Amino acid sequence: MAEKILVLGEVKNGDLRSVSFEAAAAAKKAAPNAEIVGAVLGDDVTGLAKKMIHHGADRAIAVNAPELKNYTTDAYQQAIMQVLEEENPSGIVMGHTALGKDLAPRIAVRKGLALISDIVSLEQQNGELLCTRPIYSGKAFEKRKPKDGHFFLTIRPNNIQALEVDENRDGEVRSVTPDIKDIRTVIKDIAKKAATGVDLSEAKVVVAGGRGVKGPEGFELLQELADVFGGAVGASRGACDADYCDYSLQIGQTGKVVTPDLYIAAGISGAIQHLAGMSNSKVIVAINKDPEAPIFDIADYGIVGDLFDVIPVLIEELKKEPA
Ligand code: FAD
């Protein structure tokens, strides 16, 4: 095992985000013979670091410090740079999340590595790694090859299949305490929005509503449908601008990017800026009363009809026990 790949495990609400395990799987695809080292940063993350091993890492490093309890650019950058100095990996993989988008370019520039960001798939071709990433707001895809066998990749959540979890998988977990100083950000308080159940960016099923939902009450109907699947509710900017729901639900070019197994778009016309946030969903179902709505061009299944007639029937049918 000459090569070594460092995979960042990302902590959210006291647990590892699933993109951490997808990153471990991506590292294996990128360098099948390399040693995979998981690194988890936080204030008490030794238990979480072990999970990286259950998901494919060969060993893990728990980087523990009170300054790492909540993400700040300065603290995380210093901690991860110290791990990189010590481990000197030939590759780095992390999630293309808010944290990854902030941290990765800073590390790339300090390590002199070319960052390939927002990867949706990886493959080996003639012994070379090819990374696919969307460009032009998802209208096209490009393939990129890392240079000189060294790589730094961020992967889009929900696109790369995590390896099967194996809780008997063993490996060393080393705890380290980084030397962190000169933090310019002071976190005084974290104001969380009211919990809305499933995290939109990691949901396997998203039911999204647009201006056609007509008001906040319409979003209650969408939530009912999402609950049947154990999914999350999203929205177009049209719906957010109209104050039908919170901007945290916005999907698209200036909102969240989601790639669920199933995306149900209800009363959404399908503007290009919306498609930028959901067109990579595995199966797209559109419900719209206008048969000419552009959303039907990318939908796998289209239902032409009034969403207030269609969705209650869907809920009723889905709630029925299979015969
Ligand atoms: P509309 O375009 O008004 O569509 C409503 C749809 O509902 C229509 O197709 C209609 O036929 C259908 N409908 C109405 N009533 C019913 C009913 N009872 N049953 C079924 N169907 C019904 N948009 C985003 O979504 N995300 C972004 O991130 C985003 N970023 C943007 C960035 C920029 C710089 C700009 C300029 C725009 C951005 N937009 C974004 C806005 C985007 O261009 C569209 O205006 C927006 O997506 C439209 O939202 P909508 O589809 O809900 O509304």
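Biologist: Where is the place of Ser201 in this predicted model?

Modeller: Ser201 lies in the loop between E12 and strand E13 (205-209).

Biologist: Why is Ser201 counted as buried?

Modeller: Its relative accessibility is 14%, and buried means under 20%. Ser201 therefore counts as buried.

Biologist: What makes the pair of Ser201 and Asp199 a polar contact?

Modeller: The two side chains make this contact at 3.1 Å, and the cut-off for such a pair of N or O atoms is within 3.5 Å. The value therefore meets the distance limit.

Biologist: Which residues does Ser201 touch, not counting residues up to four places away in sequence?

Modeller: Ser201 touches Arg17, Pro157, Asn158, Lys256 and Val258. To touch here is to have heavy atoms within 4.5 Å.

Biologist: Turning to the sheet, in what order do its seven strands stand?

Modeller: The open sheet has the order E7-E11-E6-E1-E4-E5-E12, with parallel pairing.

Biologist: Why are strand E7 (115-119) and strand E12 (173-176) called edge strands?

Modeller: Each of them pairs on one side only. From one strand to the next, the twist averages 20°.

Biologist: How do you know that strand E1 (residues 4-9) pairs with strand E6 (residues 91-95)?

Modeller: Pairing requires at least two bridges. Three bridges join E1 to E6, so the two strands count as paired. They run parallel, and Val7 stands opposite Val93 in E6.

Biologist: Which strands does helix H1 (residues 18-30) touch as it packs on the sheet?

Modeller: Helix H1 touches E1, strand E4 (35-42), E6 and strand E11 (151-155). The direction of H1 makes about 165° with that of E1.

Methods:
Residues are numbered from 1 along each chain as its sequence is written. This is a predicted model: local features need pLDDT of at least 70, side-chain atom pairs count only at pLDDT 80 or more; totals for chains, interfaces and linings use all residues. Side-chain values use heavy atoms; hydrogens and water are left out. Helices (H or I, at least four residues) and strands (E, at least two) are DSSP runs, numbered from the N terminus. Axes are lines fitted to C-alpha atoms, for helices over the stretch in contact, and angles run from 0 to 180 degrees between N-to-C directions. Buried means under 20% relative accessible area, exposed over 50%, partly exposed in between (1.4 Å probe, protein chains only). A polar contact is a pair of N or O atoms within 3.5 Å; within protein, one must be able to donate a hydrogen and the other to accept it, and residues adjacent in sequence count only if both atoms are side-chain atoms.
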